[in-house]
Amino acid sequence: MKTTEELIARISPRYKALRNQNTDFLWEDFLQAIEKATSNIPDAMYAATSGISISYFTRDGDENIYRSKVAECHHFQDKTVEYEEDDVCLGKKKMLTIAFKDFKERAKADKHITTEWFELEELELDDVEVSISLDFWFPKEL
């Protein structure tokens with residue numbers, strides 16, 4: 001091995017596979033959260049809902065990122081629905097930073113997701129409670 005390009009070619013497959021694995025974990029978790037949330041919305045409210053927001057947050061003095069047990073329904077009055085018993089710990093901030101960036105890029109490419117309020121920089125702040133959300137929108141025509 002004589003160049004960094006040769007080194008990159010040798011180590012890239014493992015790096016790419018692990019990054020994709022972490023991104024896939026966050027993606028699947030998000031889709032399952034949407035499915036759980038929609039199954040817990042009462043029918044009358046569900047029929048008037050245009051989308052669901054899933055929130056991710058940090059806690060003061062905690063190194064982890066959590067997914068909220070409560071989702072917001074984009075409805076006439078923006079109601080919430082509890083779809084988990086407890087908030088879900090996804091893992092340590094430092095371990096998820098790159099995965100969340102990849103996850104956001106995947107979400108940006110999806111026509112049913114808006115990343116406008118999904119400000120990852122907020123999650124990287126130390127010793128501060130922050131919350132960001134990712135919005136899933138139902139199709140206008142079924």
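Is E105 buried, partly exposed or exposed, judged by relative accessibility? At 47% relative accessibility, E105 counts as partly exposed, where buried means under 20% relative accessible area, exposed means over 50% and partly exposed lies in between, with a 1.4 Å probe and protein chains only. The model is a predicted one, in which local features need pLDDT of at least 70 and side-chain atom pairs count only at pLDDT 80 or more, whereas totals for chains, interfaces and linings use all residues. Residues are numbered from 1 along each chain as its sequence is written, and side-chain values use heavy atoms, with hydrogens and water left out.

E105 forms a salt bridge with K108, the closest N and O atoms being 3.7 Å apart; the term stands for a side-chain nitrogen of Lys or Arg within 4 Å of a carboxyl oxygen of Asp or Glu. Both residues lie in helix α3, three residues apart, or about one turn of the helix, with helices (H or I, at least four residues) and strands (E, at least two) taken as DSSP runs numbered from the N terminus. K108, at 48% relative accessibility, is likewise partly exposed.

By this rule the count comes to eight salt bridges, and D29, K36, R67 and E84 are linked in a network of them. K36 pairs with E84 at 2.9 Å between the closest N and O atoms; because K36 belongs to helix α1 and E84 to the loop between β3 (80-82) and β4 (88-92), this pair ties together parts that are 48 residues apart in sequence. The side chain of R67 also meets that of E84 in a salt bridge, at 3.1 Å from N to O. R67 and E84 are both buried, whereas K36, with a relative accessible area of 34%, is partly exposed.

Helix α3 also packs against α1, at an angle of about 65 degrees and with the axes 9 Å apart. The residues that make this contact (heavy atoms within 4.5 Å) include W27 and F30 of α1, together with F100 and F103 of α3.

Leaving aside residues up to four places away in sequence, F30 touches I54, Y56, F103, I113, L134 and F136.

How values were computed: Axes fitted to C-alpha atoms, helices over the stretch in contact; angles between N-to-C directions.
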